[in-house]
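Take a look at the sequence and the model below.

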Amino acid sequence: MFPIGGLLVFCGLLAQTMGQLGVLPLPLDQALPLAVTPALPSSPTDLAGGFTNALSNGLLSGGLLGILENLPLLDILKPGGGTSGGLLGGLLGGLLGKVTSVIPGLDNLIDLKVTDPQLLELGLVQSPDGHRLYVTIPLGLKLRVKTPLVGSLLELAVKLNITAEILAVKDKQERIHLVLGDCTHSPGSLQISLLDGLGSLPIQSLVDSITGVLNKVLPELVQGKVCPLVNGVLSQLDVTLVHDIVDKLIHGLEFVIKV
């Protein structure tokens, strides 16, 4: 049996020690409070990634792919369309006249269809002063050229980048928002390549002619459709995300990691 005197000495020493430390014993039914871990601020990578993901999702949910698929290319290119005399008729008339003897009906080039529209991974860079963002919006689609009698003549793969400048501005109520600045197609970013074509025709000449037409009208046409959509998406972004980005841009703090 443990001696009573030893137990009394032990309890006395314990009480003296706790008194020196200023610690009072908790009642048996009272649990120790859990340590609270402060929330860590989002890392620059998370902030940049969250912004591009939100913008990409907003573009898709806003109908970007449908907009691309329904581009009024044929209305602009055919004779009497949005350009004087119709670019397609002017540039392709001579070529089509030469090959109609090979395939009758080729002069009735009436179907130019957009298929497989795509939004590729967005790019994001920050201006050297840290106050602006530049978003690269890479788009892809296919163009199928058909005639009534022959069917599919050729199929082209098209890629084009739209570059959007994002600014933090203050309105009359002193509220700061993300808004769209300059928005345009990236010079030289239009790429057109042949996917499929009839080997019996001078396809390369036809491709060159159509490419020349598309270079004139496609970038501005896509820009006119996509940029307003980007502006609309910016106004619907998560408030917390916008606040964090605006804070970085106002103070010129870098949060887009250069690779």
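The lining of the largest pocket divides into five nonpolar residues, four polar and one charged. That is a lining of 10 residues in this predicted model. Which of them lie nearest the centre of the pocket? They are Ala48, Gly49, Thr52, Leu122 and Leu124. The volume of the pocket is about 210 Å³.

Now trace the lining back to the secondary structure. Two elements, α2 (44-61) and β2 (123-126), each supply at least two of its residues. Helix α2 has the largest share, with four residues.

Stay on helix α2 for a moment. Serine 56 also lies in this helix. Is serine 56 buried or exposed? Its relative accessible area is 17%. Buried means under 20%, so serine 56 counts as buried. Setting aside residues up to four places away in sequence, serine 56 touches Leu119 and Leu122.

Next comes the second largest pocket. Its volume is about 180 Å³. Which elements give two or more residues to its lining? They are β5 and α6. Strand β5 gives the most, four residues. The lining includes Ile176, His177, Leu178 and Val179. Asn231, Leu234, Ser235, Leu237 and Val242 line this pocket too. By type, the lining holds six nonpolar residues, three polar and no charged.

In general terms, a disulfide is a covalent bond between the sulfur atoms of two cysteines. How many does a search of the whole structure find? It finds one. The partners are cysteine 183 and cysteine 227, with their sulfur atoms 2.0 Å apart.

One detail remains, the handedness of the bond. The torsion about the S-S bond of cysteine 183 and cysteine 227 is about -85 degrees, and therefore the disulfide is left-handed.

Notes:
Residues numbered from 1 in each chain as written. Predicted model: local features only at pLDDT ≥ 70, side-chain atom pairs only at ≥ 80, totals over all residues. Heavy atoms only, no water. Disulfide = S-S within 2.5 Å. 1 Å grid on protein atoms, 1.4 Å probe; cavity = no way out; pocket = protein on both sides within 12 Å on 5 of 7 lines; lining within 4 Å. Points joined across faces, edges and corners; volume = space filled by probe spheres on them. Nonpolar A, V, L, I, M, F, W, Y, C, P; charged D, E, K, R; others polar. Buried < 20%, exposed > 50% of the residue type's maximum accessible area, 1.4 Å probe, protein only. Contact = heavy atoms within 4.5 Å.
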